[in-house]
Amino acid sequence: MKKSQSRIVATIEVAQIPDDETTRYVERFLSPHEVKSNAKAYLYPEVHATLSKMVRAMGISGVSIGSYASEIILDHIAKHHSVMRSVFGQNCKDLF
């Protein structure tokens, strides 16, 4: 099996973000959540490093890499569930 190379996550340009947008983001993705599962999900090392830096920088008690990643994934599912059903619907029982 060929080992895949790491991917670059993103090139980020710094821009002035309005305070209300920043507040909404923190409330949505970086609110404390207890992760009650010991299930594992593997992330690209660069993704883990980026999420880890962001979570540490926020310093919010109860926010972990797992809770942050879970909120990002839940947001993705909420936004793309129709397409995901279409893609996976032919091969799987109801996803959602």
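Author: Gladly! Let us begin with a term: a contact means heavy atoms within 4.5 Å. Keep in mind, too, that this is a predicted model.

Reader: Then what does S67 touch, not counting residues up to four places away in sequence?

Author: Its partners are H33, V35 and G62. S67 itself belongs to helix α3.

Reader: Is S67 buried or exposed?

Author: Buried means under 20% relative accessible area. S67 has 2% relative accessibility, so it counts as buried. Y68, A69, E71, D75 and M84 of α3 are buried as well.

Reader: Which helices do the buried residues of α3 pack against?

Author: They pack against α1, residues 19-29, and α2, residues 45-58.

Reader: And how should I describe a pair of packed helices?

Author: Two packed helices are described by the angle between their axes and the distance between the axes. For α1 and α3, the axes come within 9 Å and cross at roughly 105°. Angles of 65 to 115 degrees count as roughly perpendicular, so α1 is roughly perpendicular to α3.

Reader: Which residues make that contact?

Author: From α1 come Y25, R28 and F29, and from α3 come Y68, E71, I72, L74 and D75. Sorted by class, the residues of this contact are 5 nonpolar, no polar and 3 charged.

Reader: L74 is on that list. Is L74 buried, exposed or partly exposed?

Author: Its relative accessible area is 46%, so L74 is partly exposed. The C-alpha atoms of L74 and F29 are separated by 9.7 Å, and the two residues are 45 residues apart along the chain.

Reader: At what angle do the axes of α2 and α3 cross?

Author: They cross at roughly 110° and come within 9 Å. The two helices are therefore roughly perpendicular to each other. In this contact, α2 supplies H48, L51, S52, M54 and V55, while α3 supplies I65, Y68, A69 and I72. By class, the contact of α2 with α3 has 7 nonpolar, 2 polar and no charged residues.

Reader: Now for the shape of α3 itself. How far apart are its end C-alpha atoms?

Author: Helix α3 runs over residues 65-89, and its end C-alpha atoms are only 30 Å apart. A straight helix of 25 residues would reach 36 Å at 1.5 Å a residue.

Reader: Where is the kink in α3 centred?

Author: Look at H80: the kink is centred there, and is about 75°.

How values were computed
Residues are numbered from 1 along each chain as its sequence is written. This is a predicted model: local features need pLDDT of at least 70, side-chain atom pairs count only at pLDDT 80 or more; totals for chains, interfaces and linings use all residues. Side-chain values use heavy atoms; hydrogens and water are left out. Helices (H or I, at least four residues) and strands (E, at least two) are DSSP runs, numbered from the N terminus. The expected span of a helix is 1.5 Å times one less than its number of residues. The bend at a residue is the angle between axes fitted to the seven residues ending there and the seven starting there. Buried means under 20% relative accessible area, exposed over 50%, partly exposed in between (1.4 Å probe, protein chains only). Axes are lines fitted to C-alpha atoms, for helices over the stretch in contact, and angles run from 0 to 180 degrees between N-to-C directions. Angles under 35 degrees count as roughly parallel, over 145 as roughly antiparallel, 65 to 115 as roughly perpendicular and the rest as oblique. Ala, Val, Leu, Ile, Met, Phe, Trp, Tyr, Cys and Pro count as nonpolar, Asp, Glu, Lys and Arg as charged, and the others, Gly among them, as polar.
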